[in-house]
Amino acid sequence: MRWIERKGTKMRDNVLTRREFLEKTSVGLAAVSMAPKAAAVSSDPNALALNGGTPVRTKPFPSWPQTNELDEANILKSLRNHRWCTFDGEFIPKFEKAWAARLGVGGCVITPCGTHALHMALEILGIGPGDEVLVSPYTYIATIDAILLSYALPVFVDSDVRTFQLDPDDIEHRVTEHTRAILPVHIFGAPAHMGKILAIAEKHNVPVIEDACQGHLAEWRGKKLGTLGTVGCFSFQETKNLPAGEAGALVSNREDLIARAYTFRNFGLNPKGGDRYAVRGTKYRISDFAAAVLMAQLTRLDKVCAIREKHGAYLGEELKKIPGVMPQEHYPESTRQTYYCFGLRYDKERFSGAPREKVIKALNAEGMPINAGYPPLNKEPFIEDNLTSRGFRSVYSKERLDGYRERNECPHNDELCATSMYFLQQVLIGSKSDVDDIVEAFAKVQKNAAML
Ligand SMILES: Cc1ncc(COP(=O)(O)O)c(C=O)c1O
């Protein structure tokens, strides 16, 4: 314990000393490994923590996922039911009904994860070898994996640097005779420009598969993400705003697609009964335990989302005031964003030319669990690994693959990937002072960037 000067007030700090903090916290452990080994503890109260100063924050942010007695009771109930699988589990049909109702959509089919929901979406829409899917390059790799698993080509649409979303004005010129779907990703829990995307899809008569894996309860013009396109896909992986360890779901207003999804998920078995395998399918069923947790998490989802939303909006407003800090922007038609992550870009010039990695290290040392954003997926080696595989070469001609390589450029996305950073959502679910700490840390690092 020690006395500290903070915001002009001398007060007793009831948290750990810097050394105790560094020894005891995981953020601190990261800071230990990142801090210059010989850095002396600075007597300058404004010195960056990276240079031996006092960190802005020594307390950890709230942890995630969170549980209470209801999660425990549901799990125990499911366990004691001895009906654990997709056919006879109590909680799976309950959750499918509840999630569809919460979104205001016709049907919901639970899957083992969001990646499988995306893959299943492509399968039930008949998209496969030889087809092209227009997709955002600023996403988690799962989105692209699902397309490649279907032996379709992911055609990357450039990003809108301000919103981090697929740029709707970059879609049209990438449409070809092989285009079979548009797959926008609602990145960080904020809506992609569904107005323009749906209009282009309609013009070219292709379905829209919404990757809403990060977009639980967020809205475009008052409608929930995942319900605007032909199908929507969700992830309930542990870090997500609605977590269950590992699980996902496909939703749609089209009864035929929901029926096809149920069939596909169950080896293509005739849904009307009997032992005949009606269509191509596989096993994308899950155990009841994840759904038991989801039913409990669902009771708290609205409350936590409201806090996250309030703090996310406040953080955005405050960070904007710091030179060189540019929070992710939202389209005016996006009526709700639920901040699976809080994303931002930095302007190197306003940070004395410091590279992003240095800025992140400095923020980590101030107690901020911030990370670099996504890499440019269109340039990652796994793309070439797929294109040169025996499977892809047997589907696509050399000319077609060479043409694909030539067109695979997204300069704005490169810029976004080089400058973006993000916090996971749990920094927003505590108190306002948590958010104030983030603002203070950014202001401190920006002001002292010349020392990096
Ligand atoms: C944008 C996006 N799409 C798809 C997925 C895949 O979801 P899952 O991890 O449940 O397979 C994720 C998961 O992080 C995601 O963030």
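Predicted model: local features only at pLDDT ≥ 70, side-chain atom pairs only at ≥ 80, totals over all residues.

## Basis of the model

Residues are numbered from 1 along each chain as its sequence is written, and side-chain values use heavy atoms, with hydrogens and water left out.

Helices (DSSP runs of H or I, at least four residues) and strands (runs of E, at least two) are numbered from the N terminus.

## Helix 9 and its partners

Two packed helices are described by the angle between their axes and the distance between the axes. Here the axes are lines fitted to C-alpha atoms over the stretch in contact, and the angles run from 0 to 180 degrees between N-to-C directions. Helix 3 (residues 69–81) packs on helix 9 (residues 288–320) at about 155 degrees, with the axes 8 Å apart. Helix 3 is therefore roughly antiparallel to helix 9, a term for angles over 145 degrees. In contact (heavy atoms within 4.5 Å) are Leu70, Asp71, Asn74, Ile75, Ser78 and Leu79 of helix 3 and, among others from helix 9, Phe289, Ala292, Val293 and Arg300. The residues of this contact divide into eight nonpolar, four polar and three charged, where Ala, Val, Leu, Ile, Met, Phe, Trp, Tyr, Cys and Pro count as nonpolar, Asp, Glu, Lys and Arg as charged, and the others, Gly among them, as polar.

Helix 4 (residues 91–103) also meets helix 9, the axes coming within 8 Å and crossing at roughly 35 degrees, and this crossing is left-handed. The contact includes Phe91, Phe95 and Trp99 of helix 4 and Leu294, Leu298 and Leu301 of helix 9, and by class it has 11 nonpolar, no polar and four charged residues.

## Helix 5 against helix 8

The axes of helix 5 (residues 114–124) and helix 8 (residues 255–265) come within 10 Å and cross at roughly 115 degrees. Helix 5 is therefore roughly perpendicular to helix 8, a term for 65 to 115 degrees, and the crossing is right-handed. Met120, Glu123 and Ile124 of helix 5 touch Leu257, Arg260, Ala261, Phe264 and Arg265 of helix 8, giving five nonpolar, no polar and three charged residues.

## Ligand surroundings

Of the 16 residues around the ligand, Thr115, Asp211, Gln214, Ser235 and Lys240 come nearest, a residue being counted if one of its heavy atoms lies within 4 Å. Ligand oxygen atoms lie 2.8 Å from a polar backbone atom of glycine 114, 2.5 Å from an N or O atom in the side chain of threonine 115 and 2.7 Å from a polar side-chain atom of serine 235.

## Backbone features

Most residues other than glycine have a negative phi, and most peptide bonds are trans. The bond from tryptophan 64 to proline 65 is cis, with omega near 0 degrees, and proline 65 sits in the loop between helix 2 (26–34) and helix 3. Arginine 221 has a positive phi, near 45 degrees, and lies in the loop between strand 8 (219–220) and strand 9 (223–224).

Note on methods: Parallel < 35°, antiparallel > 145°, perpendicular 65-115°, else oblique. Polar contact = N/O pair within 3.5 Å; in protein donor to acceptor, adjacent residues only side chain to side chain. Left-handed = near helix turned anticlockwise from the far one by under 90°.
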